[in-house]
Amino acid sequence: MKSISNKLASLLLLAGAFNGAAWAVGDLPGGPAVRQLNLHPAVTRIAAEQHWLHWFMMITCVVIFIAVFSVMFYSIWKHRKSVGHKPANFHESVTVEVIWTIIPFIIVILMALPATKVLVASKDTTNADVTIKATGYQWKWGYDYLTGEGQGVAFLSTLDSTHREMSNDGAKGDIPDNYLFKVDNPLVVPVNKKVRIITTANDVIHAWGVPSLGVKQDAIPGFVRDTWFRAEQTGDFYGQCFELCGKEHAYMPIHVKVVSAADYTAWVGGEMKKMAAKQDDPAKVWDLPAITARGEKVYAANCAACHQANGKGAGPIKPLDGSPVVQDADKTKQIHIVLNGQGAMPAWKQLSDTDLAAVISYTKNNWSNKTGQLVQPAEVLAQRGK
Amino acid sequence: MSAVLDHHGHDAHDEHHAHPHGWRRWVFATNHKDIGTLYLLFSFTMLMVGGLLAMLIRAELFQPGLQLVNPELFNQLTTMHGLIMVFGAIMPAFVGFANWMVPLQIGAADMAFARMNNFSFWLLIPAALMLVGSFFMPGGAPAAGWTLYAPLTLQMGPSMDAGIFAMHIMGASSIMGSINIIVTILNMRAPGMSLMKMPMFCWTWLITAYLLIAVMPVLAGAITMTLTDRHFGTVFFNPGGGGDPVMYQHIFWFFGHPEVYIMILPAFGIISQVVPAFARKRLFGYASMVYATSSIAILSFIVWAHHMFTTGMPVTGQLFFMYTTMLIAVPTAVKIFNWIATMWQGSMTFESPMLFAVGFIFVFTIGGFTGLILAMAPIDLQLQDTYYVVAHFHYVLVAGSLFAMFSGFYYWVPKWTGVMYNESRGKIHFWWTMIAFNITFFPMHFLGLAGMPRRYADYPMQFADFNAIASIGAFGFGLAQVYFFFFVVLPCMRGQGPKASQRPWNDPDGKGAEGLEWEVPSPAPFHTFETPPRLDATATKVLDARVQPEPHAPAVHMPPPQIQPDGSKA
């Protein structure tokens, strides 16, 4: 009942002085403005073209509307019984019918031409600089940077939980301008680069749309679709899920942060580090079966091409099976070689400490090497840079 | 309950055979007029139920934040509002109009299949109970939107099955109703009424009935596949098993777009009857109206994917659907021009039916233009699934279909009940409805342009003001319809009000409403045109009074016009 009285209070407030000051809310740059009347300011060429098209259509339609209804209201004014107008008898004319069939036909063709041009351009997703997969989940967005700078970066983007609570509380009190738009991890993209968004979904259909960028694409489970944008200015741009996806449909916003090329590179670097750090806890203490099982995979992916799956090597490639370095009780010898390379052997320091520890432990306990030695990630870390 | 009853009992010539009285009259009804009344009352009830849900939606959206309902219930409200209004209110209401008016307008004694007519009405009751009752099932009503998109429907609780079953039954009812209307119109026209002399309302309903028969089975197929996906392990739409959720949308909208015209073509028919009557001038371009209606119906089958521009079709597909959709604007424009040409040089008066008809033309055209804007795929990328779409389809469904039904109600209610409604109340109803409607839905265009998505239980603060305005308008709009029922409909049903003459819309010189329905007394006797009437050359007048002797005791001063001698000149 409290909420109803609250409503009545606001109703009185509205009746008294109707303005946005009731909630003291401001415009959200890149998102909606208070009492916004038209489309968002365009940030991409496609969005600008959409604006132009919309104005073109609006003006054409309003002109036709006024023309047609001036005739109707003139008739209503002049041809009333109360002003003594006598009804005429005409009731058909093939000429007139043909004319007013052909004229609208020509008008719609003129409207379709510019629309075709924009549509074809907006569907051309080739030659993207960065490709990002946006996956709709109930109820968050997942982003995977697939190609281009930042490849490999992946994260989830979820509505800030305090905003969800504000919503439950009836959005009372001091509500921020980015209410329902604030996410933990915005999608970061470089400015003036063609960004291709591949959409898919994990559960039901969602739709990824950002009005300022002029994009909206359904995210369909089991299928991939794509769209693209090339943001022409930096800044924060906001969108929401546009396809009913269940109860939290209103709570899975999209926040696109467009940054300069340098900032983007820096962001990618930071993100890579964060991901590497997140991937495995370097302080974790492993047991032998677990670490060799993992090491087998790392070996297969990175080492087997040269050293062979049987560890015998070939030609100039030294064998690992029975190698004194591998079997040496001093684990740091092998760690050093793997980290820094030796002769034909390249350095492998780009692999994570855990992967390196795993692959070393694997070689120390496979084939005829039965050392029983276990290398922990911390030991690899300790040797880095030495 | 209706004044329709009051007279036939006194007239021996009506009483060829006994027909049931009391509740049996309605449950076993085979008379097209009784069934028409049942349909209209049923659909008005559903309009109130669906309207109540709309009021709850608008109350929740009055302010940002969640106040009255949780998001889960909110989705149930929007879903059920759509389903109830489309399948429970608008479609049955037009069937009600058809039941009442088609036999009267073509000079037939009744509908072709009177018992099937009864069955198709009474099927609606269990369907409606099941649909509305799904609110009380575990997990609540279906919440996947009225379009019931897969795979969200696969996540729904048992109420989804109830909803699907209810829609199957309503679909069966619609198909039976359509068969009845087609057979009646094609076979039971009075001698001399060729197809091209038929009233426009019959024409639009004939075309609508074909559309219904063509697409209701498609809907049934789509929801049956959803049902088997849910329970019998099929994977038509379930991506988990290789199904295609977009295929559901294609099938649904192959039904859904003709469905849009199913809901508007009979409205065009009513407007085409009302405008000439109050302009005192024949409908301009009758033939072109018929052709325009047919073209709209045919085109409606090849535009469906304009509802799906954001699903990611190939560019050629999008272009095709954009072009065909824009093409529909042409025959629709022709209809608007014809109505205005009908008014031109007429001698117009503005009683409630005409007010609603002019209001229809004016506001429906706004909805038509926003439809044209939405048809442009690049703009649709901005507006798809926003409030712009909500504004658009309420402009064509409320200001379109509903206004036309109000117009038709005021136009024919004297014939149905034998009493005139109160004209001032009709005018109040019109202006109240018109103003509240625009306050409700016009701001939604701005919300949509600003990117507010539809089906949102809560929205960013920047959208607050327009939502508050829309909510206030909606409450006013809802209240106007309650007023309409208690102050216009109910008095007419109770027979309160001045007695209606046989031709309430005709001047003494005979100018005004034309058509066979005005050749029978007011209220229309229980049985009409039991012998096929002999018609004049225009098929708008009955030549021999043999069929329709005036059944009333003559009124004191104003005897209802007898069969006009001037009508027999031709």
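**Ground rules**

I took the model as predicted: local features need pLDDT of at least 70, side-chain atom pairs count only at pLDDT 80 or more, and totals for chains, interfaces and linings use all residues. Residues are numbered from 1 along each chain as its sequence is written, with chains lettered from A and ligands numbered from 1 in the order in which they are written.

**Entry 1: chain B overall**

I began with the secondary structure. Chain B has 16 helices and zero strands. Helices (H or I, at least four residues) and strands (E, at least two) are DSSP runs, numbered from the N terminus. I then looked up the spread of the chain. Its radius of gyration is 24 Å, close to the 25 Å that the globule rule gives for 570 residues, so chain B is as compact as a globular protein of that length. The radius is taken over C-alpha atoms, and the globule rule is 2.2 Å times the number of residues to the power 0.38. Along the principal axes, the C-alpha atoms of chain B fill a box of roughly 70 × 50 × 45 Å.

I checked burial next. In chain B, 63% of the 570 residues are buried. A residue is buried if 20 or more other C-beta atoms lie within 10 Å of its own, exposed if 12 or fewer, and partly exposed in between, with C-beta atoms placed from the backbone. Of the contacts in chain B with a separation of 6 or more, 81% are between residues 24 or more positions apart. Contact here is between two residues whose C-beta atoms, placed from the backbone, lie within 7 Å.

**Entry 2: chain A overall**

Chain A has eleven helices and ten strands. Its radius of gyration is 32 Å, well over the 21 Å from the globule rule for 386 residues, so chain A is more spread out than a compact globule. Its C-alpha trace spans about 115 × 60 × 35 Å along the principal axes. I found 38% of the 386 residues of chain A counted as buried. Among contacts in chain A between residues at least 6 apart in sequence, 65% join residues at least 24 apart.

**Entry 3: the sheets of chain A**

I traced an open sheet of five strands in the order S3-S2-S1-S5-S8 (chain A), with mixed pairing. Two strands pair if DSSP finds at least two bridges between them. Strands S3 (154-157) and S8 (225-229) of chain A are at the edges with a single partner strand each, so one side of each lacks a neighbour in the sheet. S1 (residues 130-137) and S5 (residues 195-201) of chain A pair in the parallel sense over seven bridges. There A:Thr131 stands opposite A:Arg196. S5(A) and S8(A) pair in the antiparallel sense over five bridges, and A:Ile198 stands opposite A:Asp226. Four of the five residues of S8(A) are buried, so S8(A) is largely enclosed by the rest of the structure.

I also followed an open sheet of five strands ordered S4-S10-S9-S6-S7 (chain A), again with mixed pairing. Its edges are S4 (187-190) and S7 (215-219) of chain A, each with a single partner strand, so one side of each has no neighbour in the sheet. S6 (residues 206-210) and S9 (residues 235-241) of chain A run antiparallel and are joined by two bridges. A:Trp208 has A:Cys241 in S9(A) as its bridge partner.

**Entry 4: the chain contact**

I listed 84 residues from chain B and 94 residues from chain A in the contact. H11(B) gives the most to the side of chain B that touches chain A, with 15 residues. By class, that side has 54 nonpolar, 21 polar and nine charged residues. Ala, Val, Leu, Ile, Met, Phe, Trp, Tyr, Cys and Pro count as nonpolar, Asp, Glu, Lys and Arg as charged, and the others, Gly among them, as polar.

**Entry 5: B:Leu56**

B:Leu56 lies in helix H3 (residues 32-61) of chain B. With 18 C-beta neighbours inside 10 Å, B:Leu56 counts as partly exposed. Beyond its neighbours within four places in sequence, B:Leu56 is in contact with B:Leu68, B:Val69 and B:Leu77. I also found B:Leu56 and B:Phe475 419 residues apart in sequence and 9.7 Å apart in space, C-alpha to C-alpha.
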